[in-house]
Amino acid sequence: MQPRLQPNLTIRQIDWQQTIPVRHLVLWPDRPPAFSQVENDAAGQHFGGFIDDTLVCVASVFIEGEQARLRKYATLPQFQGQGVGTQVLSAIFAYLKQAKLSYFWCDARESAIGFYQRFGMQVEGDRFYKSEVAYVKMATKVANLR
């Protein structure tokens with residue numbers, strides 16, 4: 001089943017500070033907002049999905065050499081399952097392909113494995129935990145991203 005697309009969604013690069021409220025609300029609502037920051041946030045490329053000028057989805061990409069790492073990818077609960085996250089991730093994939101990067105990876109919550117597999121990503125390695133939440137590393141060659 002394909003998620004429906006949001007025709008009024010706009011995706012653009014944003015400042016890392018804009019990501020914090022969405023990250024906090026979706027990923028770690030029981031922790032202080034600072035827990036949702038990444039040590040090198042200022043060095044990342046941050047993407048936002050907007051509906052009617054409201055930021056509803058965020059994703060941060062950190063590039064090192066020819067590798068890109070997705071971190072702190074989050075969609076507001078009321079917009080989940082509507083294709084918003086898929087559209088944001090697809091825009092990021094286009095960006096990575098244009099930048100001619102070779103490898104893409106992320107630490108995915110176990111509950112999201114199926115989502116990332118739809119894009120051609122595969123589990124690499126064993127389960128691990130971050131603050132009692134189960135994760136796995138998922139990765140693929142950028143050329144294989146769907």
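Student: Why does Thr-19 count as buried?

Tutor: The model is a predicted one, in which local features need pLDDT of at least 70, side-chain atom pairs count only at pLDDT 80 or more, and totals for chains, interfaces and linings use all residues. Residues are numbered from 1 along each chain as its sequence is written, and side-chain values use heavy atoms, with hydrogens and water left out. Buried means under 20% relative accessible area, exposed over 50%, and partly exposed in between, with a 1.4 Å probe and protein chains only. Thr-19 has 0% relative accessibility, so it counts as buried.

Student: What places Thr-19 in an element, and what does Thr-19 touch?

Tutor: Thr-19 is in helix 1; helices (H or I, at least four residues) and strands (E, at least two) are DSSP runs, numbered from the N terminus. Contact means heavy atoms within 4.5 Å, and Thr-19 touches Ile-14, His-46, Val-58 and Ser-60, not counting residues up to four places away in sequence.

Student: What does the side chain of Thr-19 reach?

Tutor: The side chain of Thr-19 reaches the backbone oxygen of Trp-16 at 2.6 Å. A polar contact is a pair of N or O atoms within 3.5 Å; within protein, one must be able to donate a hydrogen and the other to accept it, and residues adjacent in sequence count only if both atoms are side-chain atoms.

Student: Why is strand 2 described as largely enclosed?

Tutor: Because 6 of the 7 residues of strand 2 are buried, strand 2 is largely enclosed by the rest of the structure.

Student: How do you know that strand 2 pairs with strand 1 and with strand 3?

Tutor: Two strands pair if DSSP finds at least two bridges between them. Strand 1 and strand 2 have 6 bridges in the antiparallel sense, including Gln-13 with Phe-47. Strand 2 is joined to strand 3 by 7 bridges, also antiparallel, and Phe-50 has Leu-55 as a bridge partner. Strand 2 and strand 3 form a hairpin with 2 residues between them, where Asp-52 in the turn has a positive phi of about 50°.

Student: What makes strand 1 and strand 6 edge strands?

Tutor: The open sheet has 7 strands in the order 1-2-3-4-5-7-6, with mixed pairing. Strand 1 (9–14) and strand 6 (122–130) each pair on one side only.

Student: Which elements line the largest pocket, and what is its volume?

Tutor: The largest pocket has a volume of about 810 Å³. The elements that give two or more residues to its lining are helix 1, strand 4, helix 2, strand 5 and helix 3 (113–117). On a 1 Å grid over the protein atoms alone, a pocket is an open set of points with protein on both sides within 12 Å along at least five of seven lines, whereas a cavity is a set where a 1.4 Å probe fits but cannot get out; lining residues have an atom within 4 Å of a point. Strand 4 gives the largest share of the lining, 7 residues.

Conventions. Grid points are joined across faces, edges and corners, and a volume is the space filled by probe spheres set on the points.
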